[in-house]
Amino acid sequence: MLSTLVNFVRLLHAGYVMAREGVFGLVELPDLPPGPRLALRLIRLIERKSARRADAGARISVAFNRLGPSYVKMGQFLATRPDVVGREVATELSLLQDRLEAFPRDEAIRMVQEALGAPIDQLFIDFGEPVAAASIAQVHPAHVEDEFGETRKVAVKVLRPGVAHRFARDLKSFYLAARIIERFHPPSRRLRPIAVVDTLARSVELEMDLRLEAAALSEMAENTTDDPGFRVPEVDWTRTSKGVLTMEWIAGRKLSDVEGIEEDGHDLVALGANVIQSFLRHALRDGFFHADMHQGNLFVSDEGDLVAVDFGITGRLDKAERRFLAEILFGFITRDYMRVAEVHFEAGYVPKTQDVGVFAQAIRAIGEPIHGHKASDISMARLLTQLFEVTELFAMTTQPQLIMLQKTMVVVEGVARSLDPGLDMWKTAEPVVRTWIERNLGPAGRLQDAGESLSTLMRLAGELPVLAKRAERIVEEIDTLATRGVKVEPDMLEAWARARAKSNRLGAVAMWVIAVALVAIVLEGWW
């Protein structure tokens with residue numbers, strides 16, 4: 001009871017801070033019922049005058065940063081869930097800047113020594129003041145000596161002291177708010193507020209283990225080894241732990257410094273295209289992408305390469321979802337709207353009770369207008385946003401991974417257009433999308449699918465003897481129980497005997513079915 005009361009007081013304090021900074025002013029009054037509309041007007045009486053003059057993004061940033069790391073992360077997380085907070089609010093939350101006051105260098109040194117189990121002067125030649133501070137961690141420059149006796153500069157990311165405790169405390173308040181919403185606002189139950197907080201809690205838990213970010217960097221490095229003009233920092237695993245991540249120092253310019261990049265002589269048009277194509281390669285080819293690709297997390301090196309940092313938030317797409325994305329984009333490029341509609345139904349995103357022809361008509365209403373504009377005026381991210389809005393009318397199930405992809409594409413497209421305002425999104429994306437489709441949906445892709453199916457059936461065939469032995473052992477145990485005095489009727493024994501004989505026959509039939517299937521798959525793949 002006391003814990004609930006404490007969490008309720010924390011929620012009241014958070015509401016007061018957001019009211020003072022004008023966050024509730026972003027709610028559209030005409031859309032509210034009379035009761036909530038009156039309550040909102042009363043709440044807005046305590047707004048600061050300066051907050052009323054600020055834009056929406058500034059209000060949210062000030063309020064959430066005042067409330068601390070947990071609320072910043074909650075805001076960033078909700079930016080990926082427009083189905084929960086609405087698209088306009090989600091757009092404003094996506095602009096939320098994750099910047100907090102840095103904690104002292106001495107405190108960072110103490111945490112590094114505890115995490116790595118050695119004095120700081122044994123780990124690093126020097127360890128500088130923080131150069132960037134966010135809600136989860138901050139970054140320090142340092143120098144190390146490698147095995148060849150050469151000195152190199154590294155970036156050391158250190159978790160904030162007490163951040164785990166702070167998040168655990170605030171998550172209790174979030175859960176209380178979710179329970180209140182579900183209890184007193186039945187329509188919101190379909191959005192599952194408690195499940196939303198569960199997802200946030202899991203996401204933060206993963207982000208606070210810097211070994212997982214190091215693993216994401218390593219995986220991305222392997223995936224992009226042969227990619228032109230893209231790389232990620234190399235991880236220093238010997239100086240990395242749950243609370244410390246040491247990696248290569250990136251000396252290039254942030255993509256937010258467009259004038260500086262141009263002064264350095266880099267090709268802005270080529271760099272903008274690289275941003276789009278790199279993201280699409282990662283999402284389509286690898287099914288693993290950086291889900292926070294804003295200008296602050298992207299650098300251009302002296303050689304002109306695009307370098308991505310901060311892999312605390314990543315996204316994944318399985319093969320079916322990658323096909324879904326590729327065929328949608330290609331369908332819009334080629335104006336094959338029926339195929340775009342069919343893909344939605346094949347993926348199971350739109351219920352089969354809906355009419356595929358009517359759905360294709362709705363998609364045409366989105367796609368046709370883009371062909372009447374200049375390529376530089378067409379936004380792929382806006383198109384996907386409109387697509388998800390239309391699919392809601394056809395009872396499309398919410399797909400969080402696709403929403404994250406769409407929100408990331410909004411950011412990526414914005415970054416690319418800041419470098420090249422005349423960027424032709426379709427011409428830039430087409431080679432990557434076409435290559436993926438030819439490789440995965442053409443003859444080569446069918447052979448690969450046949451090989452994967454063959455491998456699955458072979459594995460199943462290999463497991464049949466184990467399953468048969470397990471079934472035989474179960475029957476022997478039943479026979480043992482019967483001989484030790486458990487009363488078993490004769491008709492039961494006859495039923496067991498029939499079942500065992502049937503099992504043996506089914507096992508033989510299954511083996512023949514698998515053998516025939518293997519031959520059929522091989523022949524189909526060959527022809």
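Reader: Before we get to helix packing, what do the angles between helices run from and to?
Author: Angles run from 0 to 180 degrees between N-to-C directions, and the axes are lines fitted to C-alpha atoms, for helices over the stretch in contact. Keep in mind that this is a predicted model.

Reader: Ok. At what angle do α15 and α16 pack?
Author: Helix α15 (residues 319–334) and helix α16 (residues 337–346) pack at about 165°, and their axes are 8 Å apart. Angles over 145 degrees count as roughly antiparallel, so α15 is roughly antiparallel to α16.

Reader: Is that crossing left-handed or right-handed?
Author: The crossing of α15 and α16 is left-handed.

Reader: And which residues make the contact?
Author: From α15 you have Arg323, Phe324, Glu327, Ile328, Gly331 and Phe332. On the α16 side, the contact is made by Tyr337, Arg339, Val340, Val343, His344 and Glu346. By class, the contact of α15 with α16 has six nonpolar, two polar and four charged residues.

Reader: What about α14, how does that helix pack with α15?
Author: Helix α14 (residues 268–286) packs with α15 at an angle of about 130°, with the axes 8 Å apart. The two helices are therefore oblique to each other.

Reader: Which residues are in that contact?
Author: α14 brings Leu280, Ala283, Leu284, Arg285 and Asp286, while α15 brings Arg322, Leu325, Ala326 and Leu329. Sorted by class, the contact of α14 with α15 has six nonpolar residues, no polar ones and three charged ones.

Reader: I clicked on Val433. Where does that residue lie?
Author: Val433 lies in helix α20 (residues 425–441).

Reader: Buried or exposed?
Author: Val433 is buried, with a relative accessible area of 0%.

Reader: What is Val433 in contact with, apart from its sequence neighbours?
Author: Leaving aside neighbours within four places in sequence, Val433 is in contact with Leu284, Ala326, Leu329 and Phe330.

Reader: How far apart are the C-alpha atoms of Val433 and Arg281?
Author: They are separated by 8.4 Å, though Val433 and Arg281 are 152 residues apart along the chain.

Reader: Let's zoom out. How many helices and strands does the protein have?
Author: The protein has 22 helices and eleven strands.

Reader: What share of the residues is buried?
Author: Of the 527 residues in the protein, 42% are buried.

Reader: And the surface, what does the accessible area come to?
Author: About 28,300 Å² for the protein, and 57% of that belongs to carbon and sulfur atoms.

Reader: How much of the contacts comes from residues 24 or more positions apart?
Author: Among contacts with a separation of 6 or more, residues 24 or more positions apart account for 67%.

Reader: Back to helices. How many residues of α5 are buried?
Author: Ten of the ten residues of helix α5 (residues 69–78) are buried, so α5 is largely enclosed by the rest of the structure. Among them are Lys73 and Gln76, along with Tyr71, Met74 and Phe77.

Reader: Now loops. Where is Asn297?
Author: Asn297 is in the loop between β8 (288–290) and β9 (298–300). At 6% relative accessibility, Asn297 counts as buried.

Reader: What is Asn297 in contact with?
Author: Beyond neighbours within four places in sequence, Asn297 is in contact with His290, Asp292, Val307, Ala308, Val309 and Asp310.

Reader: Where does Asp310 lie, and what's its phi near?
Author: Asp310 lies in the loop between β10 (306–308) and β11 (314–316). Phi of Asp310 is near 60°, a positive value in a residue other than glycine. Asp310 is partly exposed, with a relative accessible area of 27%.

How values were computed. Residues numbered from 1 in each chain as written. Predicted model: local features only at pLDDT ≥ 70, side-chain atom pairs only at ≥ 80, totals over all residues. Heavy atoms only, no water. Helix = DSSP H or I, 4+ residues; strand = E, 2+ residues; numbered from the N terminus. Parallel < 35°, antiparallel > 145°, perpendicular 65-115°, else oblique. Left-handed = near helix turned anticlockwise from the far one by under 90°. Contact = heavy atoms within 4.5 Å. Nonpolar A, V, L, I, M, F, W, Y, C, P; charged D, E, K, R; others polar. Buried < 20%, exposed > 50% of the residue type's maximum accessible area, 1.4 Å probe, protein only. Areas by Shrake-Rupley, 256 points an atom, 1.4 Å probe, with all protein chains shown as cover.
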